[in-house]
Amino acid sequence: MAKKLSKALTTIEQYKSQSPHYAELLTILEEILILREEHRRKLPGVIFFIDDRLVGKKLESGFPLVDLSQDDFPIEYAQAYFLDLLKIAEKDSPGETLELREKIEMGEIQFRDLLLAHFFSEDEGEMKGDELGKEEAAFDLIELFIEECMRPAFELVAEKYGSIIEKSRWSEGFCPICGKEPKIGEIKNQEGKRYLFCTQCGIEWPYKRIKCPFCGNEEQQTLAYFTVEDDERYRVDVCNECRRYIKIVDFRSTNEEADLDVEDIATLHLDILANEEGYD
Ligand SMILES: [Zn+2]
Ligand SMILES: [Zn+2]
């Protein structure tokens with residue numbers, strides 16, 4: 001893990017000098033990655049209730065291992081990490097973030113409610129806008145932190161059950177651990193297999209190359225991709241059936257190993273383009 005972290009930090013430094021317009025976001029990611037490692041070490045182990053006897057069956061039937069709606073996991077680890085993450089935002093918008101911190105610490109906002117609302121509300125941004133009265137820019141960071149504060153706990157699940165998941169040949173378009181849909185993936189190996197990545201758990205799993213992860217469409221005529229400035233290392237796979245997209249990284253030509261957390265941030269221009277083209 002420490003090796004992965006130091007490699008990610010090196011890549012971030014490199015990207016910051018290559019694309020100064022991403023420097024601010026990449027600095028935030030840098031701070032997140034350092035804190036993530038710290039909070040990961042504080043966890044006592046897997047904090048979710050996962051019945052080992054049912055793991056194989058669940059995966060076989062296409063059910064993710066963790067069901068947050070059961071609401072049966074200790075909240076304090078995520079809350080402590082979230083409050084630490086808030087310090088990153090405090091530098092830019094001290095007033096708003098301090099207010100949120102206070103409300104959580106005073107119990108005016110139940111952190112569990114905030115967390116579950118993020119995972120289960122249809123329109124994720126809406127609740128925060130109404131309830132906390134913050135500016136749009138600040139929300140995105142808060143949203144990111146809410147997702148991030150559960151990442152160490154999900155990573156431990158990935159660590160413990162990774163090999164079982166691999167053997168299970170999970171073939172769904174959503175994450176085998178948390179059920180979340182992927183935003184980014186990569187093409188790897190000599191055979192050029194496509195893998196999808198979950199930013200919530202930090203896990204990836206193989207998925208058919210000619211198939212939409214979101215609607216399961218396999219018709220070649222309605223599946224397409226686009227690249228930007230002929231940089232073949234990055235592309236966006238789109239489905240004209242459901243109008244969704246996923247960013248795909250292909251580093252086979254450079255023999256580098258992609259860190260998809262870093263790539264997800266460094267490819268935000270692809271998200272913007274995809275949105276402009278009418279893909280969600
Ligand atoms: Zn996941
Ligand atoms: Zn589709």
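The donors of the zinc ion (ligand 1) are spaced along the chain as C-x2-C-x19-C-x2-C. In this predicted model, local features require pLDDT of at least 70 and side-chain atom pairs count only at pLDDT 80 or more, whereas totals for chains, interfaces and linings use all residues. Residues are numbered from 1 along each chain as its sequence is written, and side-chain values use heavy atoms, with hydrogens and water left out.

The zinc ion (ligand 1) has Cys-175 (SG), Cys-178 (SG), Cys-198 (SG) and Cys-201 (SG) as its protein donors, at 2.2 to 2.3 Å; donors are N, O and S atoms within 2.8 Å of the metal (3.2 Å for Na, K and Ca). The arrangement is tetrahedral because the four donor atoms subtend angles of 103 to 119 degrees, the criterion for four donors being that all angles lie between 85 and 135 degrees. Cys-198 and Cys-201 are both buried (under 20% relative accessible area, 1.4 Å probe, protein chains only).

The zinc ion (ligand 2) is coordinated at 2.2 to 2.4 Å by Cys-212 (SG), Cys-215 (SG), Cys-239 (SG) and Cys-242 (SG), with the spacing C-x2-C-x23-C-x2-C. Angles of 106 to 114 degrees between its four donor atoms make this arrangement tetrahedral. Cys-212 is buried, at 2% relative accessible area, while Cys-215, at 39%, is partly exposed (between 20% and 50%).

Helix H2 (residues 23-42) and helix H4 (residues 76-90) have axes that come within 10 Å and cross at roughly 155 degrees; helices are DSSP runs (H or I) of at least four residues, numbered from the N terminus. H2 and H4 are therefore roughly antiparallel (angles over 145 degrees).

How values were computed. Chains lettered and ligands numbered in written order. Tetrahedral: all angles 85-135°; square planar, octahedral: opposite > 155°, others 65-115°. Axes fitted to C-alpha atoms, helices over the stretch in contact; angles between N-to-C directions. Helix = DSSP H or I, 4+ residues; strand = E, 2+ residues; numbered from the N terminus. Parallel < 35°, antiparallel > 145°, perpendicular 65-115°, else oblique.
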